[in-house]
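Here is a short briefing on a protein model. Have the sequence and the fold open while reading.

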Amino acid sequence: MVELASIGESKTVRNYVNGDWRDASGDEELTSVNPATGEELATVPFSSAADIDEIVRTGNEAFEDWSARPVEERIQPLFRLKTLLEEHQEELAELLVEDHGKTLAEARGELRRGIENVEVACGIPSMMQSGSLLNAAPEIDESAVRKPLGVFTAITPFNFPGMIPLWFLPYAVATGNSFILKPSEQNPLVAQRLFELIGEAGFPDGVLQLVNGGPDTVNALLDHDGVEGASFVGSTPIAKLVYERAAKNGKRVQAQGGAKNHIIVTETADLEFAAEKTVSSATACGGERCLANDIVLVEESVYDEFSDLVVEEAAAQVVGYGLDEETDIGALISADHEQTVRNFIQTGIEEGAELLLDGRDVTVDGYEDGNFLGATVFGDVTSDMVISREEIFGPVLGLASVANVDEAIDRMNESQYGNAASLFTGSGADARKFRHEGEIGNLGVNVGTSAPMAFFHFGGWKDSFFGDLHAQGEDMIHFYTDKAVYIERWPDA
């Protein structure tokens, strides 16, 4: 198990500014707590406006030199960072479990996904190339070139502290920008260790920086004239506020919001396989992820059979401490959030949904202070119920019977969200209909969780995303650069 001393003997989270660790100077602070044990891990001092001003100024100074370096030179520290992340992956995974509460297997998978983004960003020399045309006009050649813009920031959430910063960071610096990470104040320890490794990777001082804090810190970044653009991942209400504030200040912005994702199960599906993947999708990471599919629309001819399979699979999920290998569902991030999820379950009961499996009475021996909930399954969930419309962010699954695929797609598309959905079927016609008619950014067929690989963008439609260019892949090249058109004529002497 990783000792907290690896991030400093003071057990105080610090900012990483211009290649050095600095204390934040704000008046507020928060205590980081292990969600499974209740143990206090570290104090998180919040940054002041003066801290933000210094870090942005430093980033802009570093940008002047960094952006002028050859692109081949800019990706060399990323190659070293990839190697360091792989060498320390197990250490980072254990720290992530302590910091977040998810299982060790989930933490390993999260970090692997983050490393994939570093790998993709190492291909920037090819990805940044734009078009050219000889003789676009008489004796005139034209070409388009991509140029970096300055300092960018990302405000990242608690649920994937190892992966989501790497959706943004590698692309920002590979394209020639400076970058400031503001991780969640609830669990910032993985970000601390990540920046220790960044220090070893050899990036020039000021190119990559870390700032800790709360809402005031975020607002200071969004308002600062020296910041060119911002990325955000979190709940829809906050994503909308971030988008509006950043856009009002003339910044580029991409804001990933919440979700209410659906699975459709047809009578031609492999029901046992579909039940296994459905439960995994809804309960993995404790349900605390925007790709959790937690509403399942099942063709009525197989509804009863599928419901029994889901309840059986869900009841077999082991709730426990994330570092125990047999654990399937780890702790939720905080006691307050655990209570929020419990409130949703009570709301579902009061609305008349059938409680097929109740996970509220789960206990984990030896971890009485942890924030634990077992898998919970509702049946007969109607589209007007709160638990059918609102994001729960916990291991809660709702089942509903539909007449056919057409009804299921219509009901899915009624949602205000459009983040992800999956279809389980043996019918190519149903799959084609789902692909063409689904108003969703990430679609999967016979896939439990529609998570795109790093070389594709992370989709999101409707109230699940605010902006034009998404995280990951080619979209990041467009977000972090702007095109200039170069027109030249060389008349004969």
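Thr-153 has Ile-180, in strand β8, as its bridge partner. The model is predicted.

**Strand β8 and its partner**
- Strand β7 covers residues 151–155 and pairs with β8 in the parallel sense. The pairing runs over 5 bridges.

**Nonpolar cores**
- The largest nonpolar core holds 98 residues. Phe-168, Phe-179 and Phe-306 touch the most other members.
- Leaving aside neighbours within four places in sequence, Phe-179 is in contact with residues including Phe-152, Thr-153 and Ala-154. Its contacts also include Phe-168, Leu-169, Ala-172 and Val-173. Val-207, Leu-208, Gln-209 and Tyr-480 are in contact with Phe-179 as well.
- A second, separate core has 27 residues. Among them are Leu-332, Ile-345, Ile-409 and Phe-434.

**Cavities**
- Rolling a probe the size of a water molecule over the atoms shows where empty space is left.
- The count comes to 4 cavities of 30 Å³ or more. The largest cavity contains about 70 Å³ of space.
- The lining of the largest cavity has 14 residues. Arg-289, Ala-292, Asp-294, Glu-391 and Phe-393 lie nearest its centre.
- What is the make-up of the lining of the largest cavity? It divides into 7 nonpolar, 3 polar and 4 charged residues.

**Positive phi angles**
- Most residues other than glycine have a negative phi.
- Asp-380 is not a glycine, yet it has a positive phi of about 55°. Asp-380 lies in the loop between β15 (376–379) and α14 (386–389).
- Gln-472 is not a glycine either, and its phi is positive at about 70°. Gln-472 is found in the loop between β21 (465–466) and α17 (473–480).
- Is each of these two residues buried, exposed or partly exposed? Asp-380 is partly exposed, with a relative accessible area of 42%. Gln-472 has 4% relative accessibility and counts as buried, because the cut-off for buried is under 20%.

Methods. Residues are numbered from 1 along each chain as its sequence is written. This is a predicted model: local features need pLDDT of at least 70, side-chain atom pairs count only at pLDDT 80 or more; totals for chains, interfaces and linings use all residues. Side-chain values use heavy atoms; hydrogens and water are left out. On a 1 Å grid over the protein atoms alone, a cavity is a set of points where a 1.4 Å probe fits but cannot get out, and a pocket is an open set with protein on both sides within 12 Å along at least five of seven lines; lining residues have an atom within 4 Å of a point. Grid points are joined across faces, edges and corners, and a volume is the space filled by probe spheres set on the points. Ala, Val, Leu, Ile, Met, Phe, Trp, Tyr, Cys and Pro count as nonpolar, Asp, Glu, Lys and Arg as charged, and the others, Gly among them, as polar. A nonpolar core is a set of buried Ala, Val, Leu, Ile, Met, Phe, Trp, Tyr and Cys residues joined through side-chain atoms within 4.5 Å. Buried means under 20% relative accessible area, exposed over 50%, partly exposed in between (1.4 Å probe, protein chains only). Contact means heavy atoms within 4.5 Å. Two strands pair if DSSP finds at least two bridges between them. Helices (H or I, at least four residues) and strands (E, at least two) are DSSP runs, numbered from the N terminus.
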